[in-house]
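Please read this briefing with the sequence and the structure side by side.

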Amino acid sequence: MTRTPPTPDLISPSRPVPHDASATPIFQSSSFLFDSYAQIEDVFAGRSDRFIYSRGDNPTVCELEDLIARLEGGEAARGFSSGMAAICGAVLPFVQAGDRIVAVEHLYSDAFRLFETVLARFGVETVYIDGTDTQAMVDALAGARLVYLESPTSWTFRLQDLRAIATEARRLGVVSVIDNSWATPLYQRPHDLGVDLVVHAASKYLSGHSDTLGGLVTGSREMIQAIDHEATHLFGGRMSPMDAFLVLRGMRTLDMRMARHMQTGLELARGLADHPQVTAVHHPGLLATRPEGLSGFGGLFAFDLAAGLDVARFCDALRTIRIGVSWGGPESLIVPGQAACGLAGAANVFQRFGVSPRTIRLAAGLEPAALLMDDLRTALHAAAEAAA
Ligand SMILES: Cc1ncc(COP(=O)(O)O)c(C=O)c1O
């Protein structure tokens, strides 16, 4: 069902490494030295290529960028200090006052807040469309500057027809951007379907150990250069060498971890779908058909508790699964929709698109699936008893 992952690519550094080290070293240096006036003049004038300053380029970060570009099938990539910095880097250089963005509904909460607060303040309007309605997405593109996708969407895990949307976007000159953090390039390669820019929160599956934050953007050389001019150099949110090392380290086991996240996620989703105290499970693997290009699944999904069940009692009764935001690490985590709906501050995506307070988002980690299913069953039982 899944493509054979390019394992040698994931495991070994692609560039020559000092002393033939088997792991990419951390080049923890803010700047790099020049041998002569002629050398610095050549580099500044763009006549030769050399590392200058780590806000622009750093050898450890470049190794990771080359790897993600190869895996995604992009020509180039840039690393950022977080997934949100990467989203800003992929969007901001391409829009200006008066532009319109078309975004998929139920997008990641802070991407929504970026569009609704910062970009709105600078005169960029965003319209939100149900991504499962391909015709509505395509119809909305006329006159837009950028289309922002997540397939699947956060919390509701709804899919889009990426080829249809990206093809129309390209025909109209609309920049297409997708957040591919959930599927990773092992299970979905949006560039192959015509999407211009692919964004990753490397904080999730790519790094995979809940010990770092990072973001990546892949695309054509030309578009990455445009991102470079503004986002990399002027916004200053470049990935650090230490974070790049941690993402590279995590990616050496990406294929094994993803296979386990997928298998456990599917097992839990099926177990929950059969449970009398669960009314719905939102997991793309339970759909009868799968869109073109999606060859596997992340372990993050959501389910709805039956009416009357005590959400707080359910959460507090879990023993192995912990309560915590983020996902993609070894530990299984839940976030209750009831708490997310009450998130303080402007532009609450959960209220805007109507996420049910009964929805629980579950990130299946790397623990044994049977242990996690037992935990869920025990907590469902406790929540039902509390309600009785
Ligand atoms: C789908 C998705 N995209 C992007 C991000 C942002 O990543 P980061 O926290 O590294 O900024 C997140 C974070 O939770 C996410 O869930």
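In which loop does Pro152 lie? Pro152 lies in the loop between strand E4 (146-150) and helix H7 (162-172), where helices (H or I, at least four residues) and strands (E, at least two) are DSSP runs numbered from the N terminus. This is a predicted model, in which local features need pLDDT of at least 70 and side-chain atom pairs count only at pLDDT 80 or more, while totals for chains, interfaces and linings use all residues. Residues are numbered from 1 along each chain as its sequence is written, and side-chain values use heavy atoms, with hydrogens and water left out.

**Overall build**
- The protein contains 15 helices and 12 strands, and its C-alpha atoms fill a box of roughly 80 × 50 × 40 Å, taken along the principal axes.
- Of the contacts between residues at least 6 apart in sequence, 74% join residues at least 24 apart, a contact being heavy atoms within 4.5 Å.

**Burial and surface**
- Buried residues make up 54% of the 388 residues, where buried means under 20% relative accessible area, exposed over 50%, and partly exposed in between (1.4 Å probe, protein chains only).
- The protein exposes about 16400 Å², and carbon and sulfur atoms supply 52% of this area; accessible areas come from the Shrake-Rupley method with a 1.4 Å probe, and for residues only the protein chains shown count as cover.

**Backbone features**
- Most residues other than glycine have a negative phi, and most peptide bonds are trans.
- Ser151 and Pro152, however, are joined by a cis peptide bond, with omega about 10 degrees.
- Asp20, which is not a glycine, has a positive phi of about 55 degrees; Asp20 belongs to the loop between helix H1 (7-11) and H2, and it is exposed, with a relative accessible area of 74%.
- His106 likewise has a positive phi, near 60 degrees, in a residue other than glycine; His106 is placed in the loop between strand E2 (100-104) and helix H5 (109-121), and it is buried, because its relative accessible area is 7%.

**A loop residue**
- Tyr53 is found in the loop between helix H2 (37-44) and helix H3 (59-72), and Tyr53 counts as partly exposed because its relative accessible area is 42%.
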